[in-house]
Amino acid sequence: MVAVHVEPLTAATFDAAVGLEVTTEQRRFVASNTLSIAQAWARPSARPLLLRAAGEPVGFALVDSDPKTPRTAHLVRFMVDRRHQGRGHGAGGLAALLTHLRSQGHTEVRLSYVPGNTAAQRLYARHGFVETGEVDDGEKVMVLEYGAG
Ligand SMILES: CC(C)(COP(=O)(O)OP(=O)(O)OC[C@H]1O[C@@H](n2cnc3c(N)ncnc32)[C@H](O)[C@@H]1OP(=O)(O)O)[C@@H](O)C(=O)NCCC(=O)NCCS
C-alpha cells in the first residue's frame, strides 16, 4: 500500500489544501476544500487534515467528533486530488486516517457517501466499513468499529 502521512492543516499548508481538487464529475460527491476549511473554522471540534505521499500534498480530510459521543469520529470529507488519483493514495490515505483516529482514542468511525459514488463505497467497504442502512441528508451512512487489539 502507498504510504500516506496525515498531518493537521496549518497556516503553512493552507494554500496547498485549497489547491487540491477533484474532477468536475466528482464535484457532486464532495465539497471543495475551501468550504470544508471554512466549516472547520466555525466548528471548534472539527479537524482539517492534509494527506501527503512522498512529502507531496495529495489529499485532504475533515474529521469531527461530538464531545457528547467522543468515541465516535466522523469522517466528514475525504478526497484525493485528481492528479494523484488511481495510484493508491485513496487506500493509503484512508488507512492512515483510520490509524490516526484510533490513536486519538476513537473506537468507531462513521461517514456517508452520495449514492452512486462507487469508487468511495468500494474503498470504504474494503477497509471494513459496513452500511448502516441509515440515510443522512440523502447520503448513505457507513460505520467502522475498531476491533480489539
Ligand atoms: C474516492 C477517492 C478518494 C479514491 O482515491 P484514489 O487515490 O483514486 O484511490 P486508490 O487509487 O487508492 O483506489 C482505491 C480503489 O478505488 C478504485 N477507484 C479509484 N477511482 C475509481 C473510479 N473513478 N471508478 C471506480 N473505481 C475507482 C480503485 O480501483 C481502487 O479499487 P480496488 O482497491 O478495488 O482496486 C477519489 O476518487 C476521490 O477523491 N474522489 C472524489 C471525492 C470523493 O468522492 N470522496 C469521497 C466522499 S464520501
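So, Asn117: one of its polar side-chain atoms lies 2.8 Å from an oxygen atom of the ligand, and by polar contact I mean a pair of N or O atoms within 3.5 Å. Arg126 also has a polar side-chain atom by a ligand oxygen, at 3.2 Å. With Gly86 we're looking at the backbone instead: an N or O atom there lies 2.7 Å from an oxygen atom of the ligand. On its own the ligand has 920 Å² of accessible area, and the protein covers 75% of that (Shrake-Rupley method, 1.4 Å probe).

Keep in mind this is a predicted model: local features need pLDDT of at least 70, side-chain atom pairs count only at pLDDT 80 or more, and totals for chains, interfaces and linings use all residues. Numbering starts from 1 along each chain as its sequence is written, and side-chain values use heavy atoms, leaving out hydrogens and water.

Okay, who's around the ligand? 23 residues surround it, and Phe78, Gly86, Gly88, Asn117 and Arg122 are the closest; that takes a heavy atom within 4 Å.

Now the sheet. Seven strands form an open, mixed sheet, ordered E1-E2-E3-E4-E5-E7-E6. Strands are DSSP runs of E, at least two residues, and helices are runs of H or I, at least four; pairing takes at least two bridges. E1 (5-8) and E6 (130-136) are the edges, each with a single partner strand, so one side of each has no neighbour in the sheet.

Further in, E2 (47-53) and E3 (56-64) pair antiparallel over 7 bridges. Leucine 49, for example, has alanine 61 in E3 as its bridge partner.

Key. Polar contact = N/O pair within 3.5 Å; in protein donor to acceptor, adjacent residues only side chain to side chain.
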